[in-house]
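Colleague: I would like to learn how to read a model like this one, feature by feature. Could you take me through it?

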Amino acid sequence: MKKYRCETYSCGYVYDPAKGDPDNEIPPGTAFQDLPELWRCPTCETTAEYFSEEDE
């Protein structure tokens, strides 16, 4: 599964589906497209629409 990077300001948080987001109860193996609608970046709290797919 692809990783996604937060593109707001200087945040740079990377959502890695292999790790999930344990601080927000998102289990490992959860694809970015399957995140809950209300999920926010755990670093800057922006919405998922400000994330872009990382090049591999």
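**Reading the model**

Modeller: Start with the core. The largest nonpolar core has ten residues: Tyr4, Cys6, Tyr13, Tyr15, Ile26, Phe32, Leu35, Trp39, Cys41 and Phe51. Keep in mind that this is a predicted model.

Colleague: What tends to happen to nonpolar side chains in soluble globular proteins?

Modeller: In soluble globular proteins, they tend to be buried together. In this chain, 32% of the 56 residues count as buried. The accessible surface comes to about 4100 Å², and carbon and sulfur atoms account for 46% of that surface.

Colleague: How many helices and strands does the chain have?

Modeller: There are zero helices and three strands, in the order β-β-β along the sequence. The radius of gyration is 10 Å, close to the 10 Å that the globule rule gives for 56 residues, so the chain is as compact as a globular protein of that length. The C-alpha trace spans about 25 × 25 × 15 Å along its principal axes.

Colleague: Of the contacts between residues at least 6 apart in sequence, what percentage join residues at least 24 apart?

Modeller: The figure is 43%. Beyond its neighbours within four places in sequence, Cys6 is in contact with Cys11, Gly12, Tyr13, Cys41, Cys44, Thr46, Tyr50 and Phe51.

Colleague: Thr46 is in that list. Is Thr46 buried or exposed?

Modeller: Compare the relative accessibility with the cut-off: under 20% is buried. Thr46 has 13%, so Thr46 counts as buried. Thr46 sits in the loop between strand 2 (14-15) and strand 3 (51-53). Apart from residues up to four places away in sequence, Thr46 touches Cys6, Thr8, Trp39, Arg40, Cys41 and Phe51.

Colleague: Where is Gly20, and is this residue buried or exposed?

Modeller: Gly20 is also in the loop between strand 2 and strand 3. With a relative accessible area of 6%, Gly20 is buried. Setting aside residues up to four places away in sequence, Gly20 touches Tyr13, Tyr15, Ile26, Pro27 and Pro28.

Colleague: Now the backbone. What is the phi of Tyr9, and what is the phi of Glu45?

Modeller: Tyr9 is not a glycine, yet its phi is positive, about 45°. Glu45, also a residue other than glycine, has a positive phi near 70°. Tyr9 is placed in the loop between strand 1 (4-6) and strand 2, and Glu45 in the loop between strand 2 and strand 3. Tyr9 is exposed, with a relative accessible area of 85%; Glu45 is exposed too, at 62%.

Colleague: Last, the charges. How many side chains are positive and how many negative?

Modeller: The chain has 5 positive and 13 negative side chains. The centres of the two sets lie 5 Å apart.

Methods. Residues are numbered from 1 along each chain as its sequence is written. This is a predicted model: local features need pLDDT of at least 70, side-chain atom pairs count only at pLDDT 80 or more; totals for chains, interfaces and linings use all residues. Side-chain values use heavy atoms; hydrogens and water are left out. Helices (H or I, at least four residues) and strands (E, at least two) are DSSP runs, numbered from the N terminus. The radius of gyration is taken over C-alpha atoms; the globule rule is 2.2 Å times the number of residues to the power 0.38. Buried means under 20% relative accessible area, exposed over 50%, partly exposed in between (1.4 Å probe, protein chains only). Contact means heavy atoms within 4.5 Å. Accessible areas come from the Shrake-Rupley method with a 1.4 Å probe; for residues, only the protein chains shown count as cover. Lys and Arg count as positive and Asp and Glu as negative; His and the chain ends are not counted. The place of a charge is taken as NZ of Lys, CZ of Arg, CG of Asp or CD of Glu. A nonpolar core is a set of buried Ala, Val, Leu, Ile, Met, Phe, Trp, Tyr and Cys residues joined through side-chain atoms within 4.5 Å.
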